[in-house]
Each structure stands twice: as structure tokens, then as C-alpha cells.
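Me: I would like to learn how to read a protein model. Where should I start?

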Amino acid sequence: MLRRTKEQVAPDLPDKTEMILWCEMPKEQRAVYEEYKNHFKATLLQKIEEVGMAEAAMYILEGLLRLRQICDSPQLLKSPEKLTDQSIKIDELMREVEENTGQHKILVFSQFTSMLHLIRKRLEKHDHYYAYLDGGTTAENRKKAVDEFQTNPDIKIFLISLKAGGVGLNLTAADYIYLVDPWWNPAVEQQAIDRAHRIGQKNKIFAYRMICKNTVEEKIIELQSRKKQIANDLVTEDTGFIKKLQKDDIEFLFT
């Protein structure tokens, strides 16, 4: 079987530029992050000592999930105690929307549908029209959302859950893409970006990964770079990443 690359199939596609959009958490959001990080660091390292890396994998994933949610917004934790509603990512995303939706259309991907719901509330507050798609969207509404985004000049923004929008969508009306939270497998992120960077695209593509500085998100990016073979071996499961980490890597993630 011969496999052709996109460059061979579509050599005339416009350029694609991928960048990191660094986000600096404000004081209250940072305080929540540090509290949870210190708790998980202490408990997880003790758990690893007691039962080993393999048995502790699910606890590690839970800790990483909570820290990643805080990077998006502490509200994603659904904590019984009142947590700050500060979210540097929503603030930065709204700034990007205001700057770039004049002559451009944008795709916004997140792993967390609850984060998409927070974003859509902010968009509605500022009277921005948008399309929406997640795993619960019916096939009929999925097609309707895509058609409206592609053809309606008033709909500049498409909010999409990463798993629901990874494949099968042609969204060439967009030329700006924002990945709100990093995924373990860079190939999944690439699939999302390629919803716009495909045959029919006439404009240069700008893709931004939103990463909170000095957090587990930045550590994930570093680990993906240091352990490139791990990233290459992954399919889509978080557990695939965890199984190939050592205790030192866990300490690094929670430092």
C-alpha cells in the first residue's frame, strides 16, 4: 500500500503557521492552581512509593486532569467551595476574537465541553455569533452548524470539542485556529488544525496553542519534546502517555 502525504496530494495549499500563545494566570487563578498542585504532588509521589507507577497511573491522570482544568478555568472543577471565576484563557481568547474576527473566521477547540460552555457564555455576553459542535450534537445539527459557519458571513466563530471535531469536517472558511488546552497526542491537535488546512483553503492558516506559563501545560510540551518517541507511539489515550513515564517525569510535571 502506498501512502501519499498532504504535500503530494495538495501541493498548492497555503502556508500554515503554528505558534504558542502564552497565558499568564492572574493571582486568584494561580493561587487555586498552586494549592491543588502541592496537594497532588505530595499524595501522588507517596502513592507511587506504595504501589508503583503502573498501579498509580489512574491517580496520576486524575491529578493532571484537575491541574489542566484549572489552567482553563477553576470553574471546571465544579468544587463545592466557591472558587474564582478568573480565566486567563477566556480573557486572552476574547481579546483574539475582538482583534481577528473582522476579516477572518476562527475555530476554537477544547477537550472540555464545560470550557466551551464558559466560552460561549462570554461570546453571548459580547453579542458574538457562533456555531457549536460537541459529541452530543446530532448528525443533522452537525451538518447544519458546519454549513452555517461556512456560508454565513455573520458567524465568525466555531466552538468545537476536540474529539468531536478531529476528523470529518471541512471548515475552510476559517483561517485562525485556537487550541485552548494541550492534548497528550500532538497528532490529535494536528487533525483539528487540518479541518481548515485542506483542499479548498485559500488563506494562510494561523494556529495557536494556548498554554499557561509555569504550569503542567508547559511541562507537557517539554515532555513531548524530550520524549518524542512517546508522542509518536501514542494513539489517542491519555493512559498511553502515562505508562511510558518514569517517577522523575511525574515529579517534573508536578514541580
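Reply: Start with the surface. Accessible areas come from the Shrake-Rupley method with a 1.4 Å probe. This model is a predicted one, and its protein chain exposes about 13200 Å². Carbon and sulfur atoms supply 49% of that area.

Me: What share of the 255 residues of the protein chain counts as buried?

Reply: Buried means under 20% relative accessible area. In this chain, 49% of the 255 residues count as buried.

Me: Is Ala174 buried or exposed?

Reply: Ala174 counts as buried because its relative accessibility is 0%. Ala174 sits in the loop between strand 4 (157-161) and strand 5 (176-179).

Me: Which residues is Ala174 in contact with, leaving aside its neighbours within four places in sequence?

Reply: Contact means heavy atoms within 4.5 Å. On that basis Ala174 touches Lys105, Ile106, Leu107, Phe149, Ala196, Gln201 and Ile205. As for distances, the C-alpha atoms of Ala174 and Lys204 are separated by 9.8 Å, and the two residues are 30 apart along the chain.

Me: How many helices and strands does the protein chain have?

Reply: There are 10 helices and 6 strands.

Me: At what angle do helix 2 and helix 7 pack?

Reply: Angles of 65 to 115 degrees count as roughly perpendicular and those over 145 as roughly antiparallel. Helix 2 (residues 27-72) and helix 7 (residues 216-226) pack at about 125 degrees, with axes 10 Å apart. Helix 2 is therefore oblique to helix 7. Helix 2 contributes Tyr33, Leu64, Leu67, Arg68, Cys71 and Asp72 to the contact, while helix 7 contributes Val216, Glu217 and Ile220. These residues divide into 6 nonpolar, no polar and 3 charged.

Notes: Residues are numbered from 1 along each chain as its sequence is written. This is a predicted model: local features need pLDDT of at least 70, side-chain atom pairs count only at pLDDT 80 or more; totals for chains, interfaces and linings use all residues. Side-chain values use heavy atoms; hydrogens and water are left out. Axes are lines fitted to C-alpha atoms, for helices over the stretch in contact, and angles run from 0 to 180 degrees between N-to-C directions. Helices (H or I, at least four residues) and strands (E, at least two) are DSSP runs, numbered from the N terminus. Angles under 35 degrees count as roughly parallel, over 145 as roughly antiparallel, 65 to 115 as roughly perpendicular and the rest as oblique. Ala, Val, Leu, Ile, Met, Phe, Trp, Tyr, Cys and Pro count as nonpolar, Asp, Glu, Lys and Arg as charged, and the others, Gly among them, as polar. Buried means under 20% relative accessible area, exposed over 50%, partly exposed in between (1.4 Å probe, protein chains only).
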